[in-house]
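Trainee: Can we go through this structure together? I would like to start with what counts as touching.

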Amino acid sequence: WTGFLPVALNPHSENPASGYLATANNRTVDANYPHRLSSSWERPERAERIGQVLGPLKNATVDDMLRLQYDHYSLLARKVQDMLFSGESSVKVRKVVAGMDWQRRGRALEALDRLDPKAFDAVMDSESGSAAVMGAFFHCAVRETFLDELGPDDGMVWEAFKFESLGGYSAHQDHLLGREDSPFWDNAATPERETKWDIIAESLHKAVLFCEERMGYARDGWRWGRLHTYEWTHDFTSQLPVFRDYFNRGPYPASGDPNTVNVASFMAGDNFDVALIPAMRMVVDFDRAEPAML
């Protein structure tokens, strides 16, 4: 940047027909906007979800807004369900799963049963077993797609890739929802050339295996909040661990994910420790004598 645009040329909206203004750090201009704003944008699902909730609302109340701030519906999870259960993509996934050995096939089919829209409402609730499987699937898909090219696990490139996933729309979402021709789908460690659907099927199998390893074989004990947690830690305790239990709090079960309005982001392909949360949320009713509500 070498100066300032006239205010009239900045992205803006006045009295929109929708009756509301909403952003979630997402891209707010189309590809034809002539001025460079950024090359990094947040994933679109949170903004899309806000529009999905606000669009039908008439005479919105404070309670409506409070419910929206705590919303844990993941539109990315819903889009993944579309990929797994509708259209040509679902046929391709099922074909690969059918050709697996019986153990891997059984786990992949179990994952599909858990993620089926009839069984999972795409709400990433801390108490949900299906949300745990969806989170595990995201985790495994990231590692199955990219680790063979960008690893090892403790290498600088993989560390940079994981860190970048916190900063906005990232490669793993792009690949899950498209990019069937990407060379990243091929597993560099095997002589065969894998397709997207090979990797998706393998990720389904490994998602169930991951849940078994992390939460045990008893399916009724699987919970998203057992994988996905908040922990408040003080930098001081990294130098003096003896004070850890005194200064630190957690871990506590967390709902949501990087794509929910009540955002709870973590490094893709690393673990589910919450690294980014809302700095502040405020609901204001201008019809009240003291409108501010936190």
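Mentor: Contact means heavy atoms within 4.5 Å. Keep in mind that this is a predicted model.

Trainee: Okay, which residues does Ser255 touch?

Mentor: Leaving out residues up to four places away in sequence, Ser255 touches His72, Met124, Asp125, Ser126, Trp224, His228, Tyr230 and Ala264.

Trainee: Where is Ser255 found?

Mentor: Ser255 sits in the loop between strand S2 (249-253) and strand S3 (283-284).

Trainee: And is Ser255 buried or exposed?

Mentor: Ser255 has a relative accessible area of 12%. The cut-off for buried is under 20%, so Ser255 is buried.

Trainee: What lies 2.9 Å from a polar atom of the Ser255 side chain?

Mentor: The backbone nitrogen of Ser126 does.

Trainee: New topic. How many disulfides does the structure hold?

Mentor: The count is 0. Cys140 is in no disulfide, and the nearest cysteine sulfur to its own, that of Cys211, is 7.9 Å away.

Trainee: Now helix H7. Which of its residues are buried?

Mentor: In H7 (residues 156-164), they are Trp158, Phe161 and Lys162. Down the helix axis, these buried residues fall within an arc of 95 degrees, so they line one face of H7.

Trainee: What do they pack against?

Mentor: The buried residues of H7 pack against helix H6 (129-150) and helix H8 (171-177).

Trainee: Which exposed residues are on the face turned away?

Mentor: Met156 and Phe163 are carried there, away from the buried side of H7.

Notes. Residues are numbered from 1 along each chain as its sequence is written. This is a predicted model: local features need pLDDT of at least 70, side-chain atom pairs count only at pLDDT 80 or more; totals for chains, interfaces and linings use all residues. Side-chain values use heavy atoms; hydrogens and water are left out. Buried means under 20% relative accessible area, exposed over 50%, partly exposed in between (1.4 Å probe, protein chains only). Helices (H or I, at least four residues) and strands (E, at least two) are DSSP runs, numbered from the N terminus. The arc is that of the directions from the helix axis to the C-beta atoms. A disulfide is a pair of cysteine sulfur atoms within 2.5 Å. A polar contact is a pair of N or O atoms within 3.5 Å; within protein, one must be able to donate a hydrogen and the other to accept it, and residues adjacent in sequence count only if both atoms are side-chain atoms.
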